[in-house]
Amino acid sequence: MARVLVVEDDQFVRSALIRHLKDASHVVRSVGTALEALREVAQYGFDVVILDLGLPDLDGAEALKMLRGITDVPVIIATARDNENEIVRLLNDGADDYLVKPFSVEHLSARMAAVLRRSQAGGGAGGGGQGTVTERVLKVGGLAIDPLRRQAELDGTLLDLTRREFDLLAFLAGRPGVVVARKELLAEVWQQSYGDDQTIDVHLSWLRRKLGETAARPRYLHTIRGVGVKLEAPREAPQ
């Protein structure tokens, strides 16, 4: 059982979501505006928020930024927008997952269960997949990742990472030089047995940008086409 906040202005969609979630034994509260959502989150403790983007008072993307300013509660975006740039922006702003409308209740259930497992496994202070939360600092070249403090530095400079970016980096850093299959990343970092490769690609893209590299000119993150991803120290000295 989870405590769920549904933020949806379409009464028909909201009622359907509430009915489904209650049938699954979740405790549900719902609102139709961004400001109401912020008040609810500030007043009550939720396990997950399902956030629509087309809200009447404030765009959901802006609401997400404001939510992230006051809470780390997992947020699943429910949107009719399927533009890749929009999805990238949402993930970078702190969304934990996204669903493009229309979606089935089974799909929502699977995504929500995965997000809740990830949140519970992390315990609010944990790291990325199993085996990455240790007392030691993980070092790969100029990278230093502290799973317990959830901090990462590159050449002594603190990196500003989203929760999922940190989880992905920490998981790979725990296996330096090892090619990790995308299926394993989904299972261990996202706690999903299946999913869209685009989710991994988006996070890799933003992580590369923060590491000062690109897919065409990688230093730490290397994609092995058809196999997976590996993190290793750059062979050349940093410029």
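What is the mean pLDDT of the protein, and what share of its residues reach 70 or more? The mean is 84, and 90% of the residues get to 70 or above. This is a predicted model, so colour it by pLDDT before anything else. Then select residues 124-135, where the pLDDT is below 50. Beyond near neighbours in sequence, that stretch has 30 contacts in the model.

**The whole chain**

Switch to cartoon view and you get eight helices and 12 strands. Of the 239 residues, 49% are buried. If you draw the contacts with a separation of 6 or more, 56% of them join residues 24 or more positions apart.

**Helix α8**

Select residues 197-210. This is α8, with 14 residues and a reach of 20 Å from its first C-alpha to its last, close to the 20 Å expected at 1.5 Å a residue. Show side chains and pick out the buried ones: Thr-199, Ile-200, Val-202, His-203, Leu-204, Trp-206, Leu-207 and Arg-208. An α-helix has 3.6 residues a turn, so residues three or four places apart point the same way. Now bring up what covers these buried residues; the cover includes α4 (84-92), β5, α6 (163-173), α7 (182-188), β11 and β12. Step past the end of the helix and you meet Gly-212, with a positive phi near 75°.

Go to Val-100, in strand β5. At 30% relative accessibility, Val-100 is partly exposed. Which residues is Val-100 in contact with, leaving aside neighbours within four places in sequence? They are Thr-79, Ala-80, Arg-81 and Asp-82. Draw a distance from Val-100 to Ala-80: the C-alpha atoms are 5.2 Å apart, although the two sit 20 residues apart along the chain.

Move on to the peptide bond from Lys-101 to Pro-102, which is cis, with omega near -5°. Pro-102 is in the loop between β5 (97-100) and α5 (105-122).

**Salt bridges**

There are 15 salt bridges in the structure. Stay with Lys-101, whose side chain meets that of Glu-8 in one of them, at 2.8 Å from N to O. Lys-101 is in the loop between β5 and α5, while Glu-8 is in the loop between β1 (3-7) and α1, so this pair ties together parts that are 93 residues apart in sequence. Are the two partners buried or exposed? Lys-101 is partly exposed at 24% relative accessibility, whereas Glu-8 is buried at 3%.

Next, select Asp-96 and Arg-68, whose side chains form a salt bridge at 3.0 Å, N to O. Asp-96 belongs to the loop between α4 and β5 and Arg-68 to helix α3 (residues 60-68), so parts 28 residues apart in sequence are tied together here. Asp-96 is buried, with a relative accessible area of 8%.

Then find Asp-167 and Arg-150, where the closest N and O atoms of the salt bridge are 2.9 Å apart. Asp-167 is in helix α6 and Arg-150 in the loop between β7 (143-146) and β8, so the pair joins parts 17 residues apart in sequence. Asp-167 is buried at 2% relative accessibility; Arg-150 is partly exposed at 23%.

For a network of salt bridges, select Asp-59, Arg-81, Glu-86 and Arg-89 together. Arg-81 is also one of the residues in contact with Val-100.

**Loops worth a click**

Where does Arg-136 lie? Look in the loop between α5 and β6 (138-140). Beyond neighbours within four places in sequence, Arg-136 is in contact with Ile-145 and Pro-147. The C-alpha atoms of Arg-136 and Pro-147 are separated by 7.9 Å.

Ser-25 has a phi of about 75° and lies in the loop between α1 (11-23) and β2 (27-31). Asp-155 has a phi near 55° and lies in the loop between β8 (151-154) and β9 (157-158). Asp-155 is partly exposed, at 47% relative accessibility.

**Last stop: the surface**

Val-227 is in the loop between β11 (221-224) and β12 (228-231), and is partly exposed at 48% relative accessibility.

How values were computed
Residues numbered from 1 in each chain as written. Predicted model: local features only at pLDDT ≥ 70, side-chain atom pairs only at ≥ 80, totals over all residues. Heavy atoms only, no water. Helix = DSSP H or I, 4+ residues; strand = E, 2+ residues; numbered from the N terminus. Buried < 20%, exposed > 50% of the residue type's maximum accessible area, 1.4 Å probe, protein only. pLDDT = per-residue confidence, 0-100. Contact = heavy atoms within 4.5 Å. Expected span 1.5 Å × (residues − 1). Salt bridge = Lys/Arg side-chain N within 4 Å of Asp/Glu carboxyl O.
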